[in-house]
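Keep the picture open as you read.

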Amino acid sequence: MTLPVPLTQSGANREWWRGAAIYQIYPRSFADSNGDGIGDLQGVTAHLDYVAKLGVEAVWLSPFFKSPMADFGYDVADYRDVDPIFGTLADFDALVARAHELGLKLIIDQVWAHTSDQHPWFVESRANRDNPRADWYVWRDAKPDGSPPNNWQSVFGGPAWTWDARRGQYYMHNFLKEQPQVNGHHPDVQAAFIDITRFWLDRGVDGFRIDAINFMMFDPEFRDNPPAPDNGKPRTRPFDFQLHKYNQSHAAIPGFLERLRGVFDEYDARFTVAEVGGPNSDGEMKLFTAEDRRLNSAYGFDFLYAPALTPKAVADAVAKWPERPGTGWPSWAFENHDAPRAVSRWASLEHRERFTRMKMLLLAALRGNIFLYYGEELGLTQVDVPFDDLQDPEAIANWPRTLSRDGARTPMPWQSGAAQLGFSSVDPWLPVGADHTALAVDRQEADPDSLLNWTRQVLALRKEHPALLTGDIRVVEAGEAMLAFERLSDEETLLCVFNLSPEPQIWSPSQPDRWRPVMETGVQSWHFEGYGALVTTKLG
């Protein structure tokens, strides 16, 4: 097979975000500085030294904006202010300043497909049909029989329409009824989001992660979605019974993203990444990042809900992003605030220690940006939160069929011997994990062989090798158990080999003597223990 010509950026020529490792902080669960059981911005700032020591380039901070917290900050009531439970704008400015002192970039979430129903825009919009913001949201008359305007369904269950007596109309919501859909087609709405963009960029923010951007615009004709064919998978929500052809993913979204990119290009060294889910996410991610004139990168769900980590799954995912002009730059994550902890999905209890080391090295070896979710560097497991303690509205509505997102949002364990593991001085908003004491930061700091210290070594390796940061990727093997791929740049060629099974395996390249190990776990002379992993460099 002919190798592709590497189109790499290295050294001083590399844009800071290209190949960056980005650490996601869910602020409610990271560190509580004021003893109310909820994490806050001052708590984040106090622990930024820890984050910087990991070796990441940036922090992605999940929503901290003013919100009634129906969906824990993803229902924004004021895009320009901090919710009091998290602190103040002054606290945010101090966080930005400290991050920059430590050489960290700061990325914030922007949620533009919907707002809170308590946002002043919506309060005005619902008041009557002829106010200045009457069309900033999606309003439709009932059908003659009083039923909703069409068959669109909400992600969180039930129709995507709620009746509002004040206007005598239905309003649309792709998620909770407390999250009314903005009319992304409206030029004044787009202008408002552009103004909000400037507000945060002027405050020193280094980038945006844009939530659910493919939901921002919809079919203006409001046609019914067609039914989805039965693929044999469990369907726990009405949403699962439809192909989402008309309620999202309108062709006008890329045009707005080009306008947004124009604003970002007025600022130095800023970064944009889209969250894109759904069965057509690959095409949309390409569209939203095309030709370096829209967003810088896109963040998909290839691994976030995958029941197993297999060689084929990895090979198929990376194949979607070939290195060629006009194709965007990918971002990868194994965990985030919406998905179960990967170690609980992908490894049995007796294999977790070896598995987490392999998984971290694999993530760091992928071509693209990589996202680490807080606690992933500790190997945090999914917590089984009892029904009476659930906070997640989707899990409560669909219990027990939907796995709670709360189990991946539990408090960060800082000190193994402290109350609430050092997260707070009082009972936290979610219970700490029963098995997280042994995984606490202080214990792993003291153990040179811990996953925490391994993660620091892995991220240092990634920074040291241009091929890992920005080089091309070529899959060599994707069998039942073994995954092997080369990372190639002008400076070097690396061979990365992973045993994705718990059973020992033997695998070697055709000329094993031409490769020198640079990092390994559970490997000796091309003999791989269960979940063994190896990165080598080509000699000569």
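How many of the seven residues of strand S5 (residues 105–111) are buried? In this predicted model, six of the seven are buried, so strand S5 is largely enclosed by the rest of the structure. A residue is called buried here when its relative accessible area is under 20%.

Now let's meet the neighbours of S5. Strand S2 (residues 58–61) pairs with S5 in the parallel sense, over four bridges. Within this pairing, Trp60 has Ile107 in S5 as its bridge partner. S5 also pairs with strand S9 (residues 207–211), again in the parallel sense, and here there are five bridges. If you look for Ile108, you will find Phe208 of S9 standing opposite. What holds such strands together? Strands of a sheet pair through backbone hydrogen bonds, and they can do this in a parallel or an antiparallel way.

For the antiparallel way, turn to another part of the chain. There, three strands form an open sheet in the order S6-S8-S7, with antiparallel pairing. Strand S6 (139–140) and strand S7 (161–164) are at the edges, and each has a single partner strand, so one side of each is left without a neighbour in the sheet. Strand S8 (residues 169–172) runs antiparallel to S7, and four bridges join the two. One spot to look for is Trp161, which stands opposite Met172 in S8.

Loops deserve a visit too. Gly433 lies in the loop between helix H11 (393–398) and helix H12 (441–445). Is Gly433 buried or exposed? Gly433 has a relative accessible area of 3%, which means that this residue is buried. From Gly433 to Gln524 there are 91 residues along the chain, and their C-alpha atoms are separated by 35 Å.

Finally, let's step back. The protein chain contains 14 helices and 19 strands. Its C-alpha trace spans about 75 × 55 × 50 Å along the principal axes. A compact globule of 540 residues would have a radius of gyration near 24 Å, and the 23 Å of this protein chain agrees with that. Of the 540 residues, 60% are buried. Among contacts with a separation of 6 or more, 68% are between residues 24 or more positions apart.

Methods: Residues are numbered from 1 along each chain as its sequence is written. This is a predicted model: local features need pLDDT of at least 70, side-chain atom pairs count only at pLDDT 80 or more; totals for chains, interfaces and linings use all residues. Side-chain values use heavy atoms; hydrogens and water are left out. The radius of gyration is taken over C-alpha atoms; the globule rule is 2.2 Å times the number of residues to the power 0.38. Buried means under 20% relative accessible area, exposed over 50%, partly exposed in between (1.4 Å probe, protein chains only). Contact means heavy atoms within 4.5 Å. Two strands pair if DSSP finds at least two bridges between them.
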